[in-house]
Structure formats: structure tokens, C-alpha cells
Number of protein chains: 2
Amino acid sequence: MRTFKMVVSYDGTDFAGFQRQTNARTVQQVLEEALATIEGCDVTLAGAGRTDSGAHAAAQVVSFSLENPISASDLKQAMNFALNVAGAFDLRALSVRDAPSNFNARFAARGKLYRYRIANTDIMSPFERRFAWHVPRPLDLDAMVEAAAAIVGEHDFAAFQSAGATVRTTVRTIWSAEWSVIRMEPTDSDLRLDPPERMLMFDVSGSGFLKYMVRAIVGTLVEIGAGRRSAASMRDLLDGRTRAAAGPTAPAHGLCLMRVDYDEPGPVSC
Amino acid sequence: MRTFKMVVSYDGTDFAGFQRQTNARTVQQVLEEALATIEGCDVTLAGAGRTDSGAHAAAQVVSFSLENPISASDLKQAMNFALNVAGAFDLRALSVRDAPSNFNARFAARGKLYRYRIANTDIMSPFERRFAWHVPRPLDLDAMVEAAAAIVGEHDFAAFQSAGATVRTTVRTIWSAEWSVIRMEPTDSDLRLDPPERMLMFDVSGSGFLKYMVRAIVGTLVEIGAGRRSAASMRDLLDGRTRAAAGPTAPAHGLCLMRVDYDEPGPVSC
């Protein structure tokens, strides 16, 4: 048996998330079925991040072992061919490498970078509707930047995990949490928009994330941007550890797993 | 009756083109049905560009007249609401303005700007697959830039119209034809790609375009980029006026109508 590390990318719109389920199309299931056509028998893989239903990945990492003596570069081609046969053009293998026999993409991961995109525009672009949350109201980006800084470091994120979750510890370390802005030029010269149309991007990296954590943080930051909460309230929410006190969970389709880090712990560069 | 100029944007993937047809979902049909719910009876509209099945529009322009005394800004909101009710999130009204009673979006158009996008990458990104043509082979961009310059000016584009088309004249004036490049950063640090991944964008503006003209030009320019034709051959194709001598028609999903110009004739700025 040889073990492989494969980087995959997917448009999560038509997937019921990463993790295998009964009677739902998931990323894990489609990848395992493609691998089975190459190996000739069932293959089980491990994924670094169990992305939510509707969330995307620019570079998710999975690991698995095969008896097939195929080379890593041929395996990349064979995977994309098998995915084409399955009609899964929304899922691609970007790279495949040989890995140590004990490599597990989930347990070896040192950290992840997620990006959440918000279309802060009057009308939602048909081209962005699958990949960004549409928030038409004016947002105070300065307040959102200030509030985001409060989550950097080691904190108890119990206020930002999915309701009813049971994990051993809700303490996680966040390395960076930054907003960036892309000004969107109006395609129509008739449009003189005030405030201007823009895409807001929230990049957050850390050693680990609770279920729905990024989305709950973004939902809360947007309430801060809308003036419904103060920027200072972010610290109080962390201290209070109460999910109901924080903002709503932002929709999954704005979220994208950008990369998984397997080197020494430390900031993931964008 | 009052006449309106409306700018619309659409992801063309799930439309059988702009123009109304029997038994197919088209942009014109969905817009006219939305307008009918607002007006209370049938409405017929004129569109500036009859985009192909699968082609997109960042800013298509349509005109129509209503008895309804609704304001232009309320009409924009009502249109997007009616499109939501119809489940047409892939089609949006970006702006609506009052127009002179004799305004016709098709006949008043002075020029258009189209963009054709080519993903010149090893593996096609799941996020770009609906909006760009995947050309994995290396392309000589310098040759494509040189060849594109040959189409600027007034020329007979018979070699680049759809086979069997019957139009009065195949002479058209092109104002600009330019390639630009966006370097795509690998999302996976394992990837050291040579040549680097890139998005090639072909922006072409002019007073008018024959059916399939932009796509036939792009298909030919890609053959030049691939080394199958010389850059100088573009001029010979224009002189020869023979469709079969030119390259294949590039796929529709890479094409996007970027804007329509209603001012004095002249270059359309990007």
C-alpha cells in the first residue's frame, strides 16, 4: 500500500458538505467513488476539513492509500478523468503527491485558512451568487476590523460553535483575522452608487476551528458592521461563552477553505 | 405609455440564449414574464445584443414600454422581486431609467464591448468552469496580441460569421481588440507550475458584431497561440472571406457582453 496526499478544489453548491452521508451527494463520497474506479475496490479517505453543506474549497487536502502502482502525477490525471465520467466538474484534483505511510490529512493538519466573502452591493451579481453572502445594507468596516482583532490569540470560542455541539474543548488558537476589500466597478455607466459596491473578504487562519465557528463569527461581525452591536462586544461574547448571545450563523455559501497547513505551527500566509 | 431603459446581468449557463424561443428558457422570456406580472398584461422588449446560448452578460441593455405609473427605481426593485419569485437568481436588473418614447435598445446601440475569458491552466478551477474556456496547452500570447491587432478597423468579417448566415453586409468596424492577463496564484503550495497558471481575457469593442464573430475570432486566435497558424494569417483570413479557412468557434460559456454604448460612436472604455 502507498499513501497519497491529494489537494482538491470544489464548488460546494451542489454538495451536502464534505463528509460522507447516506442518500446525499458529498465530496468524500464522490472522491471515494472515483478512487474506487481506479483501485478496483473500496477506498476510504481522510479529509483535513469537514466543510459544511454549500461551503467551498479552493484547496482541501485528503489522504488515502492504494495498492495500485500508479504514479502520483498519473493519479491526478486519472482522478480528474474519473470525476469527468461521474459528471463531477464541480470537483477537481489539483495535485497528488506521495506521502509517508502514516500521513493522515486530518490529524496531521497544523492549521487552516478560511475566507468568507460578502457582496456588499445593492443588487447581487449573478456571477457571485454561489460564492458570496449578499449584504446590501451599509457596513462600518472599521468597526468590523476592530472587532475581528479580538479573536486573535488563544480563546474559548464556545460562543461561536454550533448549538448543541459536544467537543472536548472549545479553546482554539486564531493566528490572524483580517478584512480586505475589493472595490467593484459598476458595469453600467448609469450607475452612480453611494456607497460604492464592494466585496468584503474575511480571512481567518488558526490551528483549529469549531463547527460553524467562522460563520458564527462572520454573522456577529456583520451585526457589528450594521451598528447593532459595538466592536467592543466581541470580547464580551468570548468571555460569556454563550452561543445565544452572539450573532446568527452566516450562510455557508460565502465560506471557502483556502488552504491547509502541514508545516510547523504558525501563521498561514495568504 | 412610458419607455424604460433597463440594464440587466445574467449568468447564461442555464439560459438558451437571449432571444425568445418556443420551449426553451431564454433571457427575453424570463424578463418579459417578470414584466407581465408588473404590468398585468403581455410586454415585449428589445435587447441590445442577442447573446448566444450559454453566453453571459455583465450589462445587457433592454427597452420596453409600460402603462404602469411605477417609478424607474421602484421598477428595479419590482423586477428583482418578480425574478426572485420566478427563481431566476441568475438574472438581475441592475438599473432602470426613463427613456425617450422612441428609444429602442437594439437599434439605438452604437457599439458593444465583449470579453472572452480563457483559463490557461493545467486543471480547470471549479469556480471558473461556467465562465471561462479551459485551454490547458501553452499559448504564445505575443502572437495572439499581434494577430488581434489585425482585426481593428473596418473589415469584412465574412470569415468569422456563423456558417450559413445571411446578413446584408459582413463589414463591421472594430474599435479595439486587446488581451490582458491575470496571473492565478496556486492555492496549493505544493504546486510549482511551469508555465504559470493564468486567465487570459480578450476585450473586443466595435460598432457591431456578426453572429458567432467574437467566438470565431477567439477560436482562431487560440490556434495562432498554439502555433498551428501564424500571427500574420489573421489578415489573410479577413481577405479570403471564407469561414472554413478560419479556426473553430470557441465555446459560448467564455463569452460575456460587458457593456452597450449609446453615446457618440467611438471607443468603449473598459
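User: Which strand is Val96(A) in?
Analyst: Val96(A) sits in strand β4 of chain A, which runs over residues 91–99. Keep in mind that this is a predicted model.

User: Buried or exposed, that Val96(A)?
Analyst: Buried: its relative accessibility is 10%, and the cut-off for buried is under 20%.

User: What does Val96(A) touch, apart from its neighbours within four places in sequence?
Analyst: Val96(A) has contacts with Phe4(A), Lys5(A) and Met6(A), and also with Ala72(A), Leu75(A) and Lys76(A).

User: Switching to Leu238(A). Where does that one lie?
Analyst: Leu238(A) is part of helix α5 in chain A, residues 233–240. Leu238(A) is buried too, at a relative accessible area of 5%.

User: What is Leu238(A) in contact with, leaving aside neighbours within four places?
Analyst: Its contacts are Ala150(A), Ile151(A), His155(A), Asp156(A), Phe157(A) and Phe160(A).

User: How far is Ala250(A) from Leu238(A)?
Analyst: Their C-alpha atoms are separated by 18 Å, and the two residues are 12 apart along the chain.

User: OK, zooming out. How many helices and strands does chain A have?
Analyst: Chain A has five helices and 10 strands. Its C-alpha trace spans about 60 × 50 × 35 Å along the principal axes.

User: What does the radius of gyration of chain A agree with?
Analyst: With a compact globule: 270 residues would give a value near 18 Å, and chain A has 20 Å, which agrees.

User: How much of chain A is buried?
Analyst: Buried residues are 57% of the 270 in chain A. As for contacts with a separation of 6 or more, 73% of them are between residues 24 or more positions apart.

User: What about the surface and charges of chain A?
Analyst: The accessible surface is about 11,900 Å², and 48% of that belongs to carbon and sulfur atoms. Chain A has 29 positive and 31 negative charges, and their mean positions are 3 Å apart.

User: Last topic, chain B. What rotation superposes chain A on chain B?
Analyst: A rotation of 180 degrees, with 0.0 Å of shift along its axis, does it at an RMSD of 0.0 Å. The two copies are therefore related as by a two-fold rotation axis.

User: Which C-alpha of chain A is nearest the axis?
Analyst: That of Phe127(A), 5.0 Å from the axis.

User: And why say the copies meet through the same surface?
Analyst: Because 100% of the interface residues of chain A are also interface residues in chain B.

Terms used: Residues are numbered from 1 along each chain as its sequence is written. Chains are lettered from A and ligands numbered from 1 in the order in which they are written. This is a predicted model: local features need pLDDT of at least 70, side-chain atom pairs count only at pLDDT 80 or more; totals for chains, interfaces and linings use all residues. Side-chain values use heavy atoms; hydrogens and water are left out. Helices (H or I, at least four residues) and strands (E, at least two) are DSSP runs, numbered from the N terminus. Buried means under 20% relative accessible area, exposed over 50%, partly exposed in between (1.4 Å probe, protein chains only). Contact means heavy atoms within 4.5 Å. Copies are superposed by least squares on the C-alpha atoms of residues with pLDDT of at least 70 in both. The radius of gyration is taken over C-alpha atoms; the globule rule is 2.2 Å times the number of residues to the power 0.38. Accessible areas come from the Shrake-Rupley method with a 1.4 Å probe; for residues, only the protein chains shown count as cover. Lys and Arg count as positive and Asp and Glu as negative; His and the chain ends are not counted. The place of a charge is taken as NZ of Lys, CZ of Arg, CG of Asp or CD of Glu.
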